[in-house]
Structure formats: C-alpha cells, structure tokens
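Visitor: Pick one spot in this model and take me through it up close, please.

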Amino acid sequence: MTLADGDAPDADPADADALVRPDPETARRRIAAGIDDGAMITVFGRCTVDYEGRAASSLGPGDRLVVLKPDGTALVHTDEGQKPINWQPPGCTHEAAVADGDLRIASRRSSPDEELVVAFESVEQVATFDVADPADRSLTGTEEDLRQRILDDPKLVEDGFTPLATERETPAGAVDIYGEDRAGATVVVELKRKRVGPDAAGQLSRYVEALGRELHADAEVRGILVAPSVTDRARGLLAEEGLEFVSLGPPE
C-alpha cells in the first residue's frame with residue numbers, strides 16, 4: 001500500500017509499505033518501525049550529509065537516496081554513478097529522530113568511532129521492504145504475543161527472572177519488559193518477533209546504559225535480547241557489550 005500526501009494522516013505508518021511526502025514525525029515513525037522489524041529502508045528527499053570519524057566531511061543540500069540495510073549498512077546515493085557518495089559498513093546502528101523540524105537519520109559504530117548523519121529538509125518518499133528469509137516469514141504472532149508468553153512463563157527468559165513492569169520508560173525509550181533476576185540485579189528485556197541484526201543489539205545497549213545512569217551508582221543492569229534468531233554480527237555486538245541473547249519467538 002502507498003499513501004499519498006494528504007491520505008489518512010493519522011494512520012499508523014507501520015501499516016504502509018511506502019509513504020509519499022510524509023511529515024517529519026510520520027517519516028521518523030515509519031523508519032523506526034522498519035529498523036525494529038529488520039526491514040530494508042529507503043528514504044528519498046533533499047538533505048545534507050555529515051560524517052565524523054577517521055576523517056570529517058560535509059555535503060550541502062541536495063536530492064539524495066538513503067538506503068538502510070538490516071545488517072547495519074547505510075548508503076547515500078545521488079542520481080549519478082554506481083557508488084554511494086557516503087556510506088557506513090555493516091554492523092552500524094541506525095536511528096531516526098526529528099530535530100528542529102527536520103528528519104535526521106544517524107548511522108553509528110563504535111569501533112572505530114564513526115557517525116554518519118543525514119538531515120532532510122524535505123522527504124519525498126519513505127519505503128520499507130520485508131527482506132526476511134522464508135523461514136522468518138513462516139513465523140506467526142506479534143511482539144505483544146511474545147511479551148505475554150514471557151509474562152505467563154518468566155522462566156522462558158531464565159530461571160528466577162521476575163517481571164516488574166512493561167513499557168518502562170527510560171531516557172532512551174520504553175523497555176519492553178523490566179524485571180529482576182534471582183540475585184536482585186535489574187534486567188532489561190528487549191523483544192523482537194523475528195530474526196534481527198545489529199540495530200536490535202544497539203537499541204538494547206542504549207536502554208542498559210540509560211538505566212545504568214538513572215539507577216544508583218552500584219546497580220547492576222543486565223540486558224537480554226529475546227528473538228527467534230540473530231545475525232552473526234548482532235551476536236558479536238551483544239558479546240562485545242556484555243549483553244545476552246535468548247532464542248524465543250511468539251507462540252505459533
């Protein structure tokens with residue numbers, strides 16, 4: 001389904017495959033939903049591009065196509081040539097935000113420390129594509145089904161896990177399930193209903209860091225990603241950050 005400018009402005013953008021001339025907040029929500037779902041995302045519009053890392057570069061306003069891949073790759077294309085004018089390799093985390101009325105897409109990685117920021121003064125189209133493997137498409141159920149499955153049987157996460165709250169707000173966003181382990185340590189559980197990549201690991205890491213700053217100084221905060229499966233790169237990032245993974249999906 002494609003939404004044209006002026007069509008159902010209050011509709012949930014996650015229901016659409018493509019949005020035409022969306023406002024910045026609608027575009028942000030669609031991109032954020034695509035990142036969470038492990039989708040391929042394309043954004044076309046007039047934007048600037050800034051890179052900070054091993055070097056620094058800045059590109060003024062121009063019409064460009066941005067491609068975000070579920071493995072963490074980010075590509076910025078113009079209407080010329082086969083190569084992107086700027087890019088980030090697999091393993092980066094993507095994030096969409098609205099700042100000063102403009103849509104901003106950031107792609108980051110920590111080793112080496114690099115950040116690519118694309119700021120759109122206007123967005124012509126946002127599109128998302130389901131690129132899951134056939135095995136992933138066979139999964140049924142929603143993220144809410146997965147949450148309820150864990151609330152009904154917390155030991156699916158681990159023995160001794162006690163859920164305390166859902167959608168617990170943090171400065172980095174809402175935690176799917178907030179609880180404690182048998183030793184009393186805080187546990188952040190991030191839920192995904194299908195196979196995920198590095199973005200999910202980055203999202204969980206931000207939640208853990210935010211709660212670590214919010215709680216008392218000696219509080220232990222563990223992060224557990226719950227999904228049917230993860231990519232090798234995501235598994236590596238989880239290990240690097242001291243985070244954990246539990247293979248579990250929604251009930252069929």
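Guide: Let's go to where P198, A201 and L204 of α4 meet R233, A234, L237 and L238 of α5, contact meaning heavy atoms within 4.5 Å. Bear in mind that this is a predicted model, where local features need pLDDT of at least 70 and side-chain atom pairs count only at 80 or more, while totals for chains, interfaces and linings use all residues. Numbering runs from 1 along each chain as its sequence is written, and side-chain values use heavy atoms, leaving out hydrogens and water.

α4 covers residues 198-214 and α5 residues 232-240; helices (H or I, at least four residues) and strands (E, at least two) are DSSP runs, numbered from the N terminus. The two pack at about 20°, with axes 7 Å apart, the axes being lines fitted to C-alpha atoms over the stretch in contact, and angles running from 0 to 180 degrees between N-to-C directions. That makes α4 roughly parallel to α5 (under 35 degrees; over 145 is roughly antiparallel, 65 to 115 roughly perpendicular, the rest oblique). α4 passes α5 in a right-handed crossing, meaning that the near helix is turned clockwise from the far one by less than a right angle.

Why would residues such as these line up? In an α-helix there are 3.6 residues a turn, so residues three or four places apart point the same way.

Stepping back, the protein has 5 helices and 14 strands. Of its 252 residues, 46% are buried (under 20% relative accessible area with a 1.4 Å probe, protein chains only; exposed is over 50%, partly exposed in between). Among contacts between residues at least 6 apart in sequence, 54% join residues at least 24 apart.
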